[in-house]
Amino acid sequence: MLRCYNLRKSYQSTERIDALNDVSLTVNPGEISVLVGPSGCGKSTLIRSLALLDLPDEGKIEVDNISYNFPFPPDKEFIKPWPKITVVFQQLFLWPHLTVRGNITLALKTAMSNGIENRYEEYITRFGLNDLSNRYPNQLSIGQRQRVAIVRALVLKPKYLLLDEITSALDVQHINRLMEDMKEIRNEGTGILLVTHLIGMAKQIGQQVYFMDQGRIIEQGGAESLRQPKTEGLRKFLSIVDV
Amino acid sequence: MSVIEIISKYRVEFLLGLLTTLKLCSIIWLIGIIVGALLGIAGSKWKKAVGMPSRLASFVLSGVPILVLLFWLHYPLQSMLGVVIDPFLTAALALTTVNVFLVADTIRNAMLDFPLQFSQAAKVCGISGRDIVLRIQIPIILRQVLSGLLLIQVNMLQATLFASLISVDEIFRIAQRVNSEVYRPVEIYTALAFLFLIVCLPLNGLSLWLKAKYTRDFSEK
């Protein structure tokens, strides 16, 4: 189970910004959790904190049986949780100098020494990328790039997959396909935390829903939370985005 | 006397001049690229201790024309210090210094502009820090800077002509000397222009090709 307790994180710009304020959240294996909230509410900060890319100021993160307590001593090395937890970023960040094959197998080579080709073939066939193996990221459409980024993460068989707004540039057809992919990944036992603005998608695939605003989790519950919100904040948010 | 006849008659002088130009260039290129790259990397890593002094030196140097720097190192400085240094060494020192800071600037800027997220995307895939540097950062940065570095080196090759003004017997000075003997400026300087075209054009073409081939759009639009 990927779980965080009372995470706090603040930034100092012209004034102090509390990006995360007492945030607790759980991602269960084999379950899709959805994180919704207005822009700038701290969703990406939470994803980065959960992935231990940006360490929180306070709180605790548990990755199965490993606990990370914060503040973390700056000179101390921590047990790396990657690729058990992995992230697909909003801007995808495919490595521009590598082909689709290079992007996917570079990650694989660090995770396994045998059977790389078989695993690669299995995933590119499953995600319909066979014809794109030798293309570079800038020769792909946004939908294709997004699938490559997902495959790059999935071939590593992560236990927890954090998806940060990857739907923002997709059309309906791609979104439907992505939803099917996510259900399949979930059924294989991967825990997914999906950050999205697409409430329809969240309703369809989310088993746990978290609504975040101003660095706090305001409401959490099952998918029904999005149909019958309990808090005024979520109600207002849905009235704006769920059209 | 035709161009062919002039070149044939003075072939030894021209070859020696060309050799001097190539020797000068090799020193400027080799030291400039190696030291400049190291300075650029150090400058991006230790921004205050190395980066700022290096930027300052580069800023000051950019305000001094190469010719003035060359003359200043050759005449006033040596006269102030009471030493006489071989003009070839003075030219090599001046042009190498310029090259070092130009290369350092290019490398440092590319490293500072490198999108951190490419490394973070590798990190979450479980790729080791060493592999992130070797397989992601260096190849991407190299592709970004290669074209620019090549253009700088072509400019440095052209700047070696200034060495003739402090009595270095490089190709331009030889051409001037031959011209003073046979007085055929059109033929001699046209031949010299062709020689530089033959060397510089392929390098410029290679630079454009590298830019087109390797400079990928980071934004992935």
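Student: What do the buried residues of helix 7 of chain B pack against?
Tutor: They pack against helix 8 of chain B. Keep in mind that this is a predicted model.

Student: Which residues of helix 7 are buried?
Tutor: In chain B, they are B:Ala121, B:Ala122 and B:Lys123.

Student: New topic. What is the strand order in the open sheet of chain A?
Tutor: The order is 6-7-8-3-9-10, so to read it, go across the sheet from strand 6 to strand 10. That makes six strands, with mixed pairing.

Student: Why is one side of strand 6 and of strand 10 left without a neighbour?
Tutor: Strand 6 (85-88) and strand 10 (216-221) of chain A stand at the edges. Each has a single partner strand, so one side has no neighbour in the sheet.

Student: What's the average twist?
Tutor: From one strand to the next, the twist averages 20°.

Student: In which sense do strands 9 and 10 of chain A pair?
Tutor: Antiparallel, over five bridges. Strand 9 of chain A covers residues 208-213. One of its residues, A:Val209, stands opposite A:Gly221 in strand 10 of chain A.

Student: Which strands does helix 1 of chain A touch?
Tutor: Helix 1 (residues 43-50) of chain A packs on the sheet. It touches strand 3 (32-36), strand 6, strand 7 (160-164), strand 8 (191-195) and strand 9 of chain A. The direction of helix 1 makes about 155° with that of strand 7 of chain A.

Student: On to the largest nonpolar core. Which residues touch the most other members?
Tutor: A:Leu35, A:Val88 and A:Leu162 do, out of 101 residues. Helix 6 (residues 87-113) of chain B gives the largest share of this core, 12 residues.

Student: What is A:Val88 in contact with, beyond four places in sequence?
Tutor: A:Ala149, A:Ile150, A:Ala153, A:Leu163, A:Asp164 and A:Ile166.

Student: Which residues does the second core include?
Tutor: That separate core has nine residues, among them B:Phe14, B:Ile171, B:Ala175 and B:Ile188. In soluble globular proteins, nonpolar side chains tend to be buried together.

How values were computed
Residues are numbered from 1 along each chain as its sequence is written. Chains are lettered from A and ligands numbered from 1 in the order in which they are written. This is a predicted model: local features need pLDDT of at least 70, side-chain atom pairs count only at pLDDT 80 or more; totals for chains, interfaces and linings use all residues. Two strands pair if DSSP finds at least two bridges between them. Helices (H or I, at least four residues) and strands (E, at least two) are DSSP runs, numbered from the N terminus. Axes are lines fitted to C-alpha atoms, for helices over the stretch in contact, and angles run from 0 to 180 degrees between N-to-C directions. Two residues are in contact if their C-beta atoms, placed from the backbone, lie within 7 Å. A residue is buried if 20 or more other C-beta atoms lie within 10 Å of its own, exposed if 12 or fewer, and partly exposed in between; C-beta atoms are placed from the backbone. A nonpolar core is a set of buried Ala, Val, Leu, Ile, Met, Phe, Trp, Tyr and Cys residues joined through C-beta atoms within 7 Å.
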